[in-house]
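This report walks through one protein model, part by part. Please keep the sequence and the structure in view while reading.

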Amino acid sequence: MNIIRFLLGALGAITLGIAAILVAVAVGLFTWLGTDEKVTIPEIHVSTSEGHIFAEDIEVLFDQARFVPDLGTANLRIRTEDGTAVFAGITDRLTADRFLSGSADPRDQAFWLTRGEGAVADLIWEIRPGQWTFVVVGEDGVAPSTVVIDGEIAAAPFRLAAGTVAGLGLATGIAGAFLLLAAGGLGRRRSSPPAAPASAFPATASV
């Protein structure tokens, strides 16, 4: 009985810890989102020495929200630090690896989900869960040394994600509290004195 009580208590404490983490994440997300309809993406600097730039940093950012069916629209800006013109496009990872690993010119391809070019390449992207790749080249077809990516994304889908995390935290907290109460109930039951056995003889009345 003591082992069961210990296991229930430990599991309850761990569950409450997980709940606290989920709630903290949700609060952090709501704080980051604020009250605006758009959320600003911090500048991401991507460097390369040769070939095409595959900006995997952006992929990781959106790949974490797979449980949100519609991530909304992103308004992205891609530029070089020295102001030279670039071509930028977004496609899936498999397509980028298959067609752009050789000498193919990205500007001649038709598989881009969105594309833009100029001193600042503006991209309007309807985000969907998945593994997407940013490809950036200069006017001469060679990747620039450093590219800066920033922009804004819609806040509503991420508020939905934050609310989902908060709900999971609340449900986990309730489960943890129930486990701790169950462990406490077992402890009280074990500490209660056993009832006295009933006598097999009838009680006699004194005269």
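Strand β8 is largely enclosed by the rest of the structure, because eight of its nine residues are buried. The strand spans residues 146–154. The model is predicted, and the descriptions below should be read with that in mind.

Asp150 is buried, with a relative accessible area of 12%. Glu152 is partly exposed, and its relative accessible area is 21%. The cut-off explains the two labels, because buried means under 20% and exposed means over 50%, with partly exposed in between.

## The sheet around β8

Which strands make up the open sheet, and in what order? There are four, arranged as β1-β8-β3-β6, and their pairing is antiparallel. The edges are taken by β1 and β6, each of which has a single partner strand, so one side of each is left without a neighbour in the sheet. On average, and with direction ignored, neighbouring strands of this sheet are turned by 20° against each other.

Strand β1 (residues 38–47) pairs with β8 in the antiparallel sense over eight bridges. Within this pairing, Val39 has Ile153 of β8 as its bridge partner. Strands β8 and β3 also run antiparallel and are joined by seven bridges. Here Arg79 stands opposite Val148 in β8. Next, β3 and β6 run antiparallel, with seven bridges between them. Asn75 has its bridge partner in β6, namely Ile124.

## Salt bridges across the strands

How many salt bridges does the structure hold? It holds three. In one of them, Arg77 pairs with Asp150, and the closest N and O atoms are 3.2 Å apart. Arg77 belongs to strand β3 and Asp150 to strand β8, so this pair links distant parts of the chain, 73 residues apart. Arg77 is partly exposed, with a relative accessible area of 28%, whereas Asp150 is buried.

Arg77 also meets the side chain of Glu152 in a salt bridge, at 3.2 Å from N to O. Glu152 lies in β8 and Arg77 in β3, so the pair ties together parts that are 75 residues apart in sequence. Through shared partners, the salt bridges join Arg77, Asp150 and Glu152 into one network.

Another salt bridge is formed by Glu43 and Arg79, whose closest N and O atoms are 2.9 Å apart. Glu43 sits in strand β1 and Arg79 in strand β3 (residues 73–80), and the two are 36 residues apart. Both partners are partly exposed: Glu43 has a relative accessible area of 44%, and Arg79 has one of 26%.

## Helix α3 and its two sides

Helix α3 covers residues 93–100, and its buried residues are Arg93, Thr95, Ala96 and Leu100. Why do they lie on the same side of α3? They cover an arc of only 165° around the axis, which puts them on the same side.

## Aromatic rings

A search of the whole structure finds two aromatic pairs. One of them, Phe111 with Trp112, is tilted, with 5.0 Å from centre to centre and 55° between the planes. The label follows from the cut-offs, because planes under 30 degrees apart count as stacked, those over 60 as edge-to-face and the rest as tilted.

Is each of these two residues buried or partly exposed? Phe111 counts as partly exposed at 22% relative accessibility, and Trp112 counts as buried at 10%. Ring pairs link Phe87, Phe111 and Trp112 into a cluster.

Definitions and conventions: Residues numbered from 1 in each chain as written. Predicted model: local features only at pLDDT ≥ 70, side-chain atom pairs only at ≥ 80, totals over all residues. Heavy atoms only, no water. Buried < 20%, exposed > 50% of the residue type's maximum accessible area, 1.4 Å probe, protein only. Arc of directions from axis to C-beta. Salt bridge = Lys/Arg side-chain N within 4 Å of Asp/Glu carboxyl O. Pairing = 2+ DSSP bridges. Phe/Tyr/Trp six-rings, centres within 6.5 Å; stacked < 30°, edge-to-face > 60°. Axes fitted to C-alpha atoms, helices over the stretch in contact; angles between N-to-C directions.
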